[in-house]
Amino acid sequence: MLFDVYDPLKKKMFQILDQEGAVLNAKDEPNIPKDVLLKMYETMTLGRIADLKAVQFQRQGRLLTYAPNVGQEAAQIGPMAASTDRDWLVLAFREFNAMLYKGVTLEQYFLYWFGNEKGSHFNEGVKVLPVNIPIGSQISHAAGLAYAAKIQKKDEVAFVYIGDGGTSHGEFHEGLNFGAVYSAPMIVVIQNNQWAISTPRAKATKAETLAQKAIAYGIPGIQVDGNDVLAMYVAAQEAIKLAKSGKGPVLIEAVTYRIGAHTTSDNPKIYRSDEEVESWAKKDPLKRFRNYLLNKGIITEDSDAKLNETYNQLVLDTFKKVEDSGLETLEEVFGHTYAELTPQLKEQYELLKKQAEAGE
Ligand SMILES: Cc1ncc(C[n+]2csc(CCOP(=O)(O)OP(=O)(O)O)c2C)c(N)n1
């Protein structure tokens, strides 16, 4: 139903909360259990604190590089809260909050950006693939997982995240086309954060909306306010039903904004205006959800202050533990991808070993 009302050709965006966190349309408000609402909020809060701190740690030379998440928390938490432990999460590199919600630990996440391969070794039962840096290839991984679930008659879907820029890459099309032809239960969430590094959305594609791309594959699509965690939850819940009913992949465009830099190697001040950033900061997904929960009496100013204090300390303690664990050895760096190193990797390893021994 929702996907018919918000058919991409109608160019409408689905929203439940307004900018201040008030419910726009009572009939759309989902009935989410209190413990789930709290888990959503707590994860968003931890994600926000850890993200801001990660940027500081990088600036202090304590992390290699980092891809900030601020502003994109709702686009990640809504769908994950609608998913079950059976469902997969396949990600790119800016899905920290989604990972946390699905059971990746803060320590593992910091280890990854600290350059430690153990940061990609998740606990048993956590159905999350490691960070995927080559843009677009994660769509094929998800299509494969979803197709496998279908032929094995498993009651699960594969959620996969991609950025707006990623939708112009070849593998986005191949993966979606494959998934659609084989009706694979895959849900593609496009985090349209308006910029692919310094390339604005309008220069990356001529499509009027990214949700419209669903039409080309013959699959359902919807455009959602990506800073509205409730709308993202409801859209994902509907998408799961559609995907499981054999409607194949489903496309959700989450309209959002990257408040920070692309990565800590980027300076967005060169290509975007302060006014643009300020206008999006007013639509902060965390502030909106916080107001919603305060209005409902699910959190209080007091409980929230305590939560922030606890998480601040948790982030500092966790990062200290990661730092104290030291750097990986060369053997460990090379030891995690192949059972046996390829000739090129062997050559790289020997070269680096020689350099290390010579103290270079
Ligand atoms: C195949 C490939 N080509 C180029 C790059 C370099 N690259 C890294 S991030 C990025 C832009 C990604 O933009 P978008 O998909 O919108 O995601 P966002 O970073 O905004 O979340 C590019 C081109 C890459 N990682 N992989």
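Residues are numbered from 1 along each chain as its sequence is written, and side-chain values use heavy atoms, without hydrogens and water. In this predicted model, local features need pLDDT of at least 70 and side-chain atom pairs count only at pLDDT 80 or more, while totals for chains, interfaces and linings use all residues.

**Exercise 1.** Describe how the rings of Phe-96 and Tyr-109 are arranged, and say which parts they tie together.

*Solution.* Let's start with the rule: rings of Phe, Tyr and Trp (its six-membered ring) pair if their centres lie within 6.5 Å; planes under 30 degrees apart count as stacked, over 60 as edge-to-face and the rest as tilted. Next, look at the values: Phe-96 and Tyr-109 are 3.9 Å apart centre to centre, with 5° between the planes, so the pair is stacked. Then find the helices (DSSP runs of H or I, at least four residues, numbered from the N terminus). Phe-96 belongs to helix 4 (residues 96-102) and Tyr-109 to helix 5 (residues 106-113), so the pair ties together parts 13 residues apart in sequence.

**Exercise 2.** Are Phe-96 and Tyr-109 buried or exposed?

*Solution.* First, recall the cut-offs: buried means under 20% relative accessible area, exposed over 50%, and partly exposed in between (1.4 Å probe, protein chains only). Now apply them: Phe-96 has a relative accessible area of 0%, so Phe-96 is buried. Tyr-109 has 2% relative accessibility, so Tyr-109 counts as buried.

Note on methods:
Helix = DSSP H or I, 4+ residues; strand = E, 2+ residues; numbered from the N terminus.
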